[in-house]
Amino acid sequence: MQRIVSRFCDSINKLYEALALLLLVAMTLSLALQVFTRYILGASMAGTEEFARYAFIWVIMLGASICTQNGGHATVTILNDQLSGALKGIHQIVIELLVLLACLVLLRYGFTMIMISSKSHTPTLGIPTSMVYGALPAGCVGMISGTISNILARIAAGKEETE
């Protein structure tokens, strides 16, 4: 089971990495174009800042998802460093369960935001704001799968230690 979930998470992470890279490149080009048109041509190009802002939101949520499974988020380990053995493993699982709970809440309200904003569009580009708010559920799906994978891996590691 853990191996299947881990492969699923790896697939999501590869997709998210590709999307984040694509958006990061597009965002960089958009901002470079904005700087060029503003300071060289003397007139700003409409929509470049708005696109960069929304691309940045997506990059953040996709990156957060990638970091969840890889353990790349900043953590405070004062309590965890003081624990050992089974207690340390239980503490880590409890932390993962709290992260899972937070992601489920964000996922639920992310969909609510999409539904509320389904008829509105961004001011300059005119894209549906639901596409912007879609970053939250997209990131949460990756974070949830990564957290479940981490929990299963910690449980499997705990079973190996007791055997």
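The following legends describe close-up views of a predicted model. Local features require pLDDT of at least 70 and side-chain atom pairs count only at pLDDT 80 or more, whereas totals for chains, interfaces and linings use all residues. Residues are numbered from 1 along each chain as its sequence is written, and side-chain values use heavy atoms, with hydrogens and water left out.

View A. Ser65 belongs to helix 2, residues 48-70 (helices are DSSP runs of H or I with at least four residues, numbered from the N terminus). Ser65 has a relative accessible area of 1% and is therefore buried (buried, under 20%; exposed, over 50%; partly exposed, in between; 1.4 Å probe, protein chains only). The Ser65 side chain comes to 3.5 Å from the backbone nitrogen of Met143. Beyond residues up to four places away in sequence, Ser65 touches Asn13, Tyr16, Gly139, Gly142 and Met143 (contact, heavy atoms within 4.5 Å).

**View B. Asn150 in helix 6.** Asn150 lies in helix 6 and is buried, its relative accessible area being 12%. A polar atom of the Asn150 side chain lies 3.0 Å from the backbone oxygen of Thr68. Apart from neighbours within four places in sequence, Asn150 is in contact with Thr68, Gln69 and Glu96.

**View C. The largest pocket.** The largest pocket holds about 510 Å³ of space. A pocket is an open set of points on a 1 Å grid over the protein atoms alone, where a 1.4 Å probe fits, with protein on both sides within 12 Å along at least five of seven lines; lining residues have an atom within 4 Å of a point. The volume is the space filled by probe spheres set on the points, which are joined across faces, edges and corners. Of the 20 lining residues, Gly71, Thr75, Ile95, Glu96 and Arg154 are the closest to the centre of the largest pocket. Helix 2, helix 3 (78-82), helix 4 (85-116) and helix 6 (135-162) each give two or more residues to the lining. Helix 4 gives the most, with five residues.

**View D. Cysteines without a disulfide.** Zero disulfides are found in a search of the whole structure (disulfide, a pair of cysteine sulfur atoms within 2.5 Å). The closest cysteine sulfur to that of Cys9 is in Cys103, at 12 Å, which is too far for a bond. Cys67 is likewise in no disulfide, with the nearest cysteine sulfur, that of Cys103, 13 Å away. Cys9 is buried at a relative accessible area of 1%, whereas Cys67 counts as partly exposed at 28% relative accessibility.

Methods:
A polar contact is a pair of N or O atoms within 3.5 Å; within protein, one must be able to donate a hydrogen and the other to accept it, and residues adjacent in sequence count only if both atoms are side-chain atoms.
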